[in-house]
Amino acid sequence: NIDSFAMTVTGSFSLWGLQLQPKSLTFEYSTQDDQFIMYGGLTGSVPNGDSDSQLALSFGLKANPGVIVNTTSGVAEQVDIGVSGVIDMFGFKLTSPSNNPVMFQYRAADDLYELSGEVSAPQLWNTTVIMGSASQPGVKIEVGKWSIDDLIVGFGNITIGSFGVRSLSASYTQYSALTATGDLTIGSRTM
(Lines give C-alpha, C1' and ligand atoms only; values in the text may rest on other atoms or scores of the structure.)
Protein backbone atom coordinates (compact mmCIF):
# COMPACT_ATOMS: atom_id res chain seq x y z
CA ASN A 1 0.00 0.00 0.00
CA ILE A 2 1.08 3.56 -0.67
CA ASP A 3 0.40 5.83 2.31
CA SER A 4 1.84 8.96 0.76
CA PHE A 5 4.13 10.23 -1.94
CA ALA A 6 5.74 13.53 -2.91
CA MET A 7 7.03 14.66 -6.27
CA THR A 8 8.97 17.87 -6.99
CA VAL A 9 9.25 19.10 -10.57
CA THR A 10 12.69 20.60 -11.21
CA GLY A 11 13.40 20.79 -14.94
CA SER A 12 12.15 23.39 -17.37
CA PHE A 13 9.77 22.30 -20.10
CA SER A 14 7.62 23.62 -22.93
CA LEU A 15 3.83 23.25 -22.99
CA TRP A 16 1.54 24.73 -25.70
CA GLY A 17 4.21 27.27 -26.65
CA LEU A 18 4.89 28.28 -23.04
CA GLN A 19 8.42 27.99 -21.69
CA LEU A 20 7.96 26.90 -18.04
CA GLN A 21 10.45 26.74 -15.16
CA PRO A 22 9.26 25.17 -11.88
CA LYS A 23 10.42 26.74 -8.60
CA SER A 24 10.18 23.97 -5.97
CA LEU A 25 6.82 22.98 -7.47
CA THR A 26 5.75 20.02 -5.35
CA PHE A 27 2.81 17.62 -5.46
CA GLU A 28 2.02 15.50 -2.40
CA TYR A 29 -0.59 12.85 -1.73
CA SER A 30 -1.53 11.42 1.67
CA THR A 31 -4.02 8.60 2.27
CA GLN A 32 -4.03 9.44 5.99
CA ASP A 33 -5.25 13.01 5.33
CA ASP A 34 -7.22 12.07 2.18
CA GLN A 35 -5.51 15.03 0.51
CA PHE A 36 -3.65 15.99 -2.58
CA ILE A 37 -1.66 19.21 -2.11
CA MET A 38 0.40 21.39 -4.42
CA TYR A 39 2.82 24.15 -3.40
CA GLY A 40 5.79 26.03 -4.80
CA GLY A 41 6.01 28.22 -7.86
CA LEU A 42 6.32 28.35 -11.60
CA THR A 43 7.67 30.96 -13.97
CA GLY A 44 6.77 31.08 -17.61
CA SER A 45 7.38 33.04 -20.76
CA VAL A 46 5.46 33.24 -23.99
CA PRO A 47 7.40 34.39 -27.05
CA ASN A 48 5.43 37.25 -28.60
CA GLY A 49 7.31 38.88 -31.46
CA ASP A 50 9.50 41.69 -30.09
CA SER A 51 8.67 41.02 -26.43
CA ASP A 52 7.88 38.08 -24.23
CA SER A 53 5.14 37.77 -21.65
CA GLN A 54 6.82 36.87 -18.37
CA LEU A 55 4.72 35.45 -15.55
CA ALA A 56 5.41 34.05 -12.10
CA LEU A 57 2.83 31.87 -10.38
CA SER A 58 2.92 31.14 -6.66
CA PHE A 59 1.10 28.18 -5.12
CA GLY A 60 1.95 28.82 -1.47
CA LEU A 61 4.29 26.91 0.82
CA LYS A 62 4.14 23.44 2.33
CA ALA A 63 2.70 24.88 5.58
CA ASN A 64 -0.01 26.72 3.61
CA PRO A 65 -0.30 25.02 0.20
CA GLY A 66 -1.77 26.74 -2.83
CA VAL A 67 -4.03 23.82 -3.71
CA ILE A 68 -5.64 21.26 -1.38
CA VAL A 69 -8.01 18.69 -2.87
CA ASN A 70 -9.91 16.13 -0.80
CA THR A 71 -9.15 12.85 -2.56
CA THR A 72 -12.30 11.14 -1.28
CA SER A 73 -14.76 13.74 -2.58
CA GLY A 74 -12.59 15.27 -5.31
CA VAL A 75 -13.52 18.73 -4.00
CA ALA A 76 -11.01 21.57 -3.78
CA GLU A 77 -10.80 22.58 -0.11
CA GLN A 78 -8.35 25.44 -0.60
CA VAL A 79 -6.92 27.43 -3.50
CA ASP A 80 -4.29 30.13 -3.00
CA ILE A 81 -2.65 31.29 -6.23
CA GLY A 82 -0.65 34.44 -6.94
CA VAL A 83 0.28 35.82 -10.37
CA SER A 84 2.85 38.53 -11.11
CA GLY A 85 4.68 39.69 -14.20
CA VAL A 86 3.76 41.04 -17.62
CA ILE A 87 1.24 39.69 -20.12
CA ASP A 88 1.66 41.22 -23.57
CA MET A 89 -1.09 40.32 -26.03
CA PHE A 90 -1.09 42.08 -29.39
CA GLY A 91 0.69 45.12 -27.91
CA PHE A 92 -1.71 45.43 -24.94
CA LYS A 93 0.10 44.86 -21.65
CA LEU A 94 -1.15 43.91 -18.21
CA THR A 95 1.35 44.02 -15.36
CA SER A 96 1.23 42.83 -11.77
CA PRO A 97 4.17 43.54 -9.42
CA SER A 98 5.86 40.77 -7.44
CA ASN A 99 5.49 42.77 -4.19
CA ASN A 100 1.64 42.81 -4.53
CA PRO A 101 0.72 40.09 -7.05
CA VAL A 102 -2.85 39.38 -8.07
CA MET A 103 -3.99 36.70 -5.61
CA PHE A 104 -7.01 34.43 -5.75
CA GLN A 105 -7.87 32.63 -2.52
CA TYR A 106 -10.67 30.16 -1.83
CA ARG A 107 -11.63 28.35 1.38
CA ALA A 108 -14.39 25.76 0.97
CA ALA A 109 -15.01 25.40 4.70
CA ASP A 110 -15.90 29.12 4.94
CA ASP A 111 -17.48 29.40 1.45
CA LEU A 112 -15.04 32.29 0.99
CA TYR A 113 -13.44 33.71 -2.17
CA GLU A 114 -10.92 36.56 -1.92
CA LEU A 115 -9.20 38.64 -4.60
CA SER A 116 -6.26 40.92 -3.87
CA GLY A 117 -3.25 42.51 -5.50
CA GLU A 118 -2.41 45.06 -8.12
CA VAL A 119 -2.79 45.08 -11.89
CA SER A 120 -1.94 47.87 -14.34
CA ALA A 121 -2.73 48.49 -18.01
CA PRO A 122 -0.33 51.22 -19.24
CA GLN A 123 -1.95 51.52 -22.70
CA LEU A 124 -5.40 52.12 -21.17
CA TRP A 125 -4.88 55.61 -19.66
CA ASN A 126 -2.28 54.15 -17.29
CA THR A 127 -5.03 52.32 -15.44
CA THR A 128 -4.08 50.76 -12.12
CA VAL A 129 -6.40 48.67 -9.93
CA ILE A 130 -5.30 47.79 -6.40
CA MET A 131 -7.51 45.30 -4.57
CA GLY A 132 -5.85 45.47 -1.16
CA SER A 133 -3.12 43.00 -0.33
CA ALA A 134 -2.86 39.35 0.64
CA SER A 135 -3.20 40.37 4.32
CA GLN A 136 -6.30 42.53 3.60
CA PRO A 137 -7.93 41.34 0.36
CA GLY A 138 -9.91 44.02 -1.43
CA VAL A 139 -12.74 41.93 -2.85
CA LYS A 140 -14.52 39.12 -0.98
CA ILE A 141 -17.41 36.80 -1.66
CA GLU A 142 -18.49 35.04 1.53
CA VAL A 143 -21.48 32.71 1.55
CA GLY A 144 -22.62 34.27 -1.73
CA LYS A 145 -22.40 37.88 -0.51
CA TRP A 146 -19.99 40.39 -2.08
CA SER A 147 -18.01 42.92 -0.10
CA ILE A 148 -15.35 45.42 -1.11
CA ASP A 149 -12.92 46.05 1.72
CA ASP A 150 -10.04 47.86 0.02
CA LEU A 151 -10.13 49.05 -3.59
CA ILE A 152 -8.25 51.77 -5.48
CA VAL A 153 -8.80 52.50 -9.18
CA GLY A 154 -6.56 55.08 -10.82
CA PHE A 155 -6.08 56.55 -14.29
CA GLY A 156 -3.43 58.92 -15.63
CA ASN A 157 -2.86 61.19 -18.62
CA ILE A 158 -6.40 61.07 -19.95
CA THR A 159 -7.04 63.19 -23.03
CA ILE A 160 -10.48 63.43 -24.59
CA GLY A 161 -10.54 66.10 -27.27
CA SER A 162 -9.14 69.31 -25.74
CA PHE A 163 -9.88 68.13 -22.20
CA GLY A 164 -7.05 66.56 -20.20
CA VAL A 165 -6.77 65.01 -16.78
CA ARG A 166 -3.34 64.30 -15.30
CA SER A 167 -4.67 61.78 -12.79
CA LEU A 168 -7.96 60.40 -11.51
CA SER A 169 -8.10 58.11 -8.50
CA ALA A 170 -10.97 56.63 -6.52
CA SER A 171 -10.48 54.58 -3.37
CA TYR A 172 -12.64 52.79 -0.82
CA THR A 173 -11.51 51.10 2.38
CA GLN A 174 -13.77 49.20 4.79
CA TYR A 175 -12.24 49.06 8.28
CA SER A 176 -15.19 47.50 10.11
CA ALA A 177 -18.94 47.08 9.74
CA LEU A 178 -19.37 50.70 10.87
CA THR A 179 -16.22 52.43 9.57
CA ALA A 180 -15.26 53.08 5.95
CA THR A 181 -13.52 55.82 3.99
CA GLY A 182 -13.74 56.85 0.37
CA ASP A 183 -11.74 59.32 -1.70
CA LEU A 184 -11.86 60.80 -5.19
CA THR A 185 -8.83 62.75 -6.41
CA ILE A 186 -8.62 64.61 -9.73
CA GLY A 187 -5.43 66.25 -10.92
CA SER A 188 -5.96 68.62 -13.84
CA ARG A 189 -3.54 69.16 -16.68
CA THR A 190 -3.00 72.31 -18.67
CA MET A 191 -3.27 71.89 -22.42
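Is glutamate 28 buried or exposed? Glutamate 28 is buried, with a relative accessible area of 17%, where buried means under 20%, exposed over 50% and partly exposed in between (1.4 Å probe, protein chains only). The model is predicted: local features need pLDDT of at least 70, side-chain atom pairs count only at pLDDT 80 or more, and totals for chains, interfaces and linings use all residues. Residues are numbered from 1 along each chain as its sequence is written, and side-chain values use heavy atoms, with hydrogens and water left out.

Three salt bridges are found in the whole structure, each a side-chain nitrogen of Lys or Arg within 4 Å of a carboxyl oxygen of Asp or Glu. In one of them, glutamate 28 pairs with lysine 62, with 3.4 Å between the closest N and O atoms. Glutamate 28 belongs to strand E3 (residues 18–30) and lysine 62 to the loop between strand E6 (60–61) and strand E7 (64–65), so the contact ties together parts 34 residues apart in sequence. Strands (E, at least two residues) and helices (H or I, at least four) are DSSP runs, numbered from the N terminus. Lysine 62 is exposed, at 52%.

A further salt bridge joins arginine 107 to aspartate 80, the closest N and O atoms being 3.7 Å apart. This pair links distant parts of the chain, 27 residues apart: strand E11 (residues 102–107) holds arginine 107, and strand E9 (residues 76–89) holds aspartate 80. Aspartate 80 is buried at 6% relative accessible area, whereas arginine 107 is partly exposed at 21%.

Aspartate 149 and lysine 140 also meet in a salt bridge (3.3 Å, N to O). Here aspartate 149 is buried, at 12%, and lysine 140 is partly exposed, at 22%.
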